[in-house]
Amino acid sequence: MLMGERSKRVGVLGGSFNPVHLGHLHIAKELKSRCQLDEVWFIPAYQNPHKMNQSVVSGVHRLEMLKLAIQDYASYKVMDIECKRKGPSYTIDTLRLLREQHPENEYLLILGSDAIKRFHEWNSPHEILKLCTLVVASREKEGISINYDDNKLERSVREAIISTPLLKVSSTEIRSLAERGESYQSLVPAPVFEYMQQNKLYTQPE
Ligand code: ATP
């Protein structure tokens, strides 16, 4: 640790953020308070290995929208490491880098219950669990449907579930409303809405 550097409890929220929406800010706020986090780092994927078929707007737009979304929150940060690295964005690579760059911090990887369904197919899930504490946000502790071949992994993931209210909103819904010319203003932060309008994002069919 460098002189003067304080260890922080950091929530890591990865995703496509295509675009960022109020559900993302809600989960960050909820878990910041529930897990006593000092900061939440939003890390947009350059290419989500689990959504290879989905087209995303450029990393530049997604990073810009994230910066606008969190501008009023001093403890939230946007990291461009995955966008800079390019290629498929594997969480294990990102966690290794974070631990190399800031070994003094404690990392809590935040995942929504939809993202956890295929966690057993991710690169090096056991090593991920060694490098961070997993936190899975789910509406209901029992209601989450996971069924891995790997019992040890499944147990660890079940233990990581925190029951918390979630907002019913997804980037998919916003893209489809924008494409149909319908209103999505109430689902994204105001400056993100303005940015999307100015740049005519998601108005063309995917
Ligand atoms: P898409 O609809 O394109 O699949 P998404 O809305 O699920 O996207 P992502 O960027 O893939 O958004 O999600 C990033 C992280 O935020 C994931 O861990 C996901 O589970 C979580 N998340 C997404 N939407 C919500 C929500 N409404 N409430 C809580 N967590 C969410």
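Visitor: Is Thr164 buried or exposed?

Guide: In this predicted model, Thr164 is buried, because its relative accessible area is 3% and buried means under 20%. Thr164 sits in the loop between strand E6 (161-163) and H7.

Visitor: Which residues is Thr164 in contact with, leaving aside neighbours within four places in sequence?

Guide: Thr164 is in contact with Glu30, Arg34, Ala137, Ser138 and Arg139.

Visitor: The next element is H7. Which residues of H7 are buried?

Guide: Ser171, Ile174, Arg175, Leu177 and Ala178 are the buried residues of H7. They lie on the same side of H7, because the arc they cover around the axis is only 165°. Their cover includes H1 and H8. After H7 comes Gly181, with a positive phi near 75°.

Visitor: Which residues of helix H8 are buried?

Guide: H8 spans residues 190-198, and Val192, Phe193, Tyr195 and Met196 are buried in it. Their arc around the axis is only 165°, so they are on the same side of H8. Ala190 and Gln198 are exposed, on the face of H8 turned away from its buried side.

Visitor: What covers the buried residues of H8?

Guide: The cover includes helix H2 (59-70) and helix H7 (171-179). As for what comes after the helix, H8 is followed by Lys200, which has a positive phi near 50°.

Visitor: How should I read backbone angles in general?

Guide: Most residues other than glycine have a negative phi, and most peptide bonds are trans. The cases to look for are the departures from that.

Visitor: Where is Gln36 found, and what is its phi?

Guide: Gln36 is found in the loop between H1 and strand E2 (39-44). Gln36 is not a glycine, yet its phi is positive, about 50°. With a relative accessible area of 58%, Gln36 counts as exposed, because exposed means over 50%.

Visitor: What is the case of Ser124?

Guide: Ser124 also is not a glycine and has a positive phi of about 50°. Its place is the loop between E4 and helix H5 (125-131). Ser124 is partly exposed, at a relative accessible area of 32%.

Visitor: Which residues does a cis peptide bond join?

Guide: The cis bond joins Asn18 and Pro19, with omega about 5°. Pro19 is in the loop between E1 and H1. Asn18 is in that loop too, between strand E1 (9-15) and helix H1 (22-34).

Visitor: Is Asn18 buried or exposed?

Guide: Asn18 counts as buried because its relative accessibility is 1%. Its side chain makes a polar contact with the side chain of Tyr202, at 2.6 Å.

Visitor: Where does Asn48 lie, and what does its side chain reach?

Guide: Asn48 lies in the loop between E2 and H2. The side chain of Asn48 reaches the backbone nitrogen of His50 at 2.8 Å. Asn48 counts as buried, since its relative accessibility is 17% and the cut-off is under 20%.

Visitor: How far apart are the C-alpha atoms of Asn48 and Glu82?

Guide: They are separated by 9.8 Å, and the two residues are 34 residues apart along the chain. A second pair is Leu22 and Ser186, 164 residues apart in sequence and 8.5 Å apart in space, C-alpha to C-alpha.

Visitor: What does Leu22 touch, not counting residues up to four places away in sequence?

Guide: Leu22 lies in helix H1 and touches Leu167, Ser186, Leu187, Val188 and Pro189. Leu22 is partly exposed, with a relative accessible area of 28%.

Visitor: How is empty space found?

Guide: Rolling a probe the size of a water molecule over the atoms shows where empty space is left. Here the largest pocket holds about 1200 Å³ of space. Of the 48 residues that line the largest pocket, Gly14, Lys51, Gly112, Asp114 and Ala115 are the closest to its centre.

Visitor: Which elements give two or more residues to that lining?

Guide: They are E1, H1, helix H4 (91-101), strand E4 (106-112) and H7.

Visitor: How many residues of the lining are nonpolar, polar and charged?

Guide: The lining of the largest pocket has 19 nonpolar, 20 polar and nine charged residues.

Terms used. Residues numbered from 1 in each chain as written. Predicted model: local features only at pLDDT ≥ 70, side-chain atom pairs only at ≥ 80, totals over all residues. Heavy atoms only, no water. Helix = DSSP H or I, 4+ residues; strand = E, 2+ residues; numbered from the N terminus. Buried < 20%, exposed > 50% of the residue type's maximum accessible area, 1.4 Å probe, protein only. Polar contact = N/O pair within 3.5 Å; in protein donor to acceptor, adjacent residues only side chain to side chain. Arc of directions from axis to C-beta. Contact = heavy atoms within 4.5 Å. 1 Å grid on protein atoms, 1.4 Å probe; cavity = no way out; pocket = protein on both sides within 12 Å on 5 of 7 lines; lining within 4 Å. Points joined across faces, edges and corners; volume = space filled by probe spheres on them. Nonpolar A, V, L, I, M, F, W, Y, C, P; charged D, E, K, R; others polar.
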